[in-house]
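Work through the exercises below with the sequence and the 3D view side by side. Try each task before you read its solution.

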Amino acid sequence: MKNKRLIGIIAGLVVLVVASLIYSSMNKPAAKVEQKIAKVGVLQFVSHPSLDLIYQGIQDGLAEEGYKGDQVKIDFMNSEGDQSKVATMSKQLVANGNDVVVGIATPAAQGLASATKDLPVIMAAITDPIGANLVKDLKKPGGNITGVSDHNPAEQQVELIKTLTPNVKTIGALYSSSEDNSKTQVEEFKAYAEKAGLTVETFAVPSTNEIASTVNVMTSKVDAIWVPIDNTIASAFPTVVSSNQTAKKPIYPSATAMVEAGGLASVVVDQHDLGVATGKMIAKVLKGEKPADTPVNVFSTGKSVINKKLAQELGITIPESVLKEAGQVIE
Ligand code: TRP
């Protein structure tokens, strides 16, 4: 009788202990993986189709690394090409408590760089990070800035120009005098073009307001127009095309969106790929990697994009071999 009671008490105690263990394990906060919501501030310099694609790519790259839905809060701003907005928005993004800030296009990255020396700054598609004074060394950035660079495949562009339009002798380079990303590109392009026996004349515009008149002057002086990876020209590209309507000089821009909008052909870096790579780099930094030790990811090989429809209108025959190798053909 006594034994039975004892067994009963022990059994009762065992049940109690097990139940309390289960209960406490269910309520233990440490059992849940606590993940804090990542806060990413993004400043896009201006709206044009290429930068819009890069921003899309950034979101896709972040999502691939698990930063999607309610795991991430993106604090997005667009300075609409206005330098004073770049400065105020950069300060806001830093003050908003973001874990990392991202600059799409050179002026945006420069604005963020001057707004903070500690918060990680990620460069999205910055053509010349050194020339723009953003990093000192691409392999070892050292400071609070790293990111993705789109180096223009100028040498391949010169080859394409020679192949498609062998009669072109003088090329006008149309670019913005206020963008640090354009200066080195123009020098590089000029060097390759001259090596290939072409003459390059430069036409720098202070803002979109001077594009129409500059193109009018250019068309009377040059055989073709070349445009680097330049935000001012990209954002007003329809003006370049309409100002060239009568002269109909072949235009060789440096982005797919500009070929689609009336350029003849180019060799370009894929914009969405640039964005995805940027998104993945943001994820790395969110996970604790230091910008100082993260090398800049440079994209420098391009694919050709050919506007076959426009070539036909201009009476230019595109060799079969060029069409076969093209990354994209606009029919
Ligand atoms: N690379 C440019 C910069 O450093 C930004 C950019 C990316 C861009 N893709 C583009 C500009 C396409 C014009 C067209 O500012």
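This is a predicted model: local features need pLDDT of at least 70, side-chain atom pairs count only at pLDDT 80 or more; totals for chains, interfaces and linings use all residues.

Residues are numbered from 1 along each chain as its sequence is written, and side-chain values use heavy atoms, with hydrogens and water left out.

**Exercise 1. Classify the aromatic pairs.**

Step 1. Set the rule. Rings of Phe, Tyr and Trp (its six-membered ring) pair if their centres lie within 6.5 Å; planes under 30 degrees apart count as stacked, over 60 as edge-to-face and the rest as tilted.

Step 2. Count. This rule gives two aromatic pairs.

Step 3. Take Y55 and F76. Their ring centres are 4.3 Å apart and the planes stand at 25 degrees, so this pair is stacked.

Step 4. Helices (H or I, at least four residues) and strands (E, at least two) are DSSP runs, numbered from the N terminus. Y55 belongs to helix α2 (residues 49–64) and F76 to strand β2 (residues 72–78), so the pair ties together parts 21 residues apart in sequence.

Step 5. Take F189 and W226. With centres 3.9 Å apart and planes at 5 degrees, the pair is stacked. F189 sits in helix α6 (residues 180–195) and W226 in strand β8 (residues 224–226), so distant parts of the chain, 37 residues apart, are linked.

**Exercise 2. Describe the ligand's surroundings.**

Step 1. List the shell (residues with a heavy atom within 4 Å). The ligand is surrounded by 18 residues, the closest being T106, A125, T127, D150 and Q271.

Step 2. Assign elements. α2 and α8 (231–235) each supply at least two shell residues. α2 gives the most, three.

Step 3. Check N and O distances. A ligand nitrogen lies 2.8 Å from a backbone N or O atom of A125. A side-chain N or O atom of T127 is 2.7 Å from a ligand nitrogen. For the side chain of D150, the corresponding distance to a ligand nitrogen is 2.8 Å.

Step 4. Check cover. Taken alone, the ligand exposes 360 Å², and the protein buries 100% of that (Shrake-Rupley method, 1.4 Å probe).

Methods:
A polar contact is a pair of N or O atoms within 3.5 Å; within protein, one must be able to donate a hydrogen and the other to accept it, and residues adjacent in sequence count only if both atoms are side-chain atoms.
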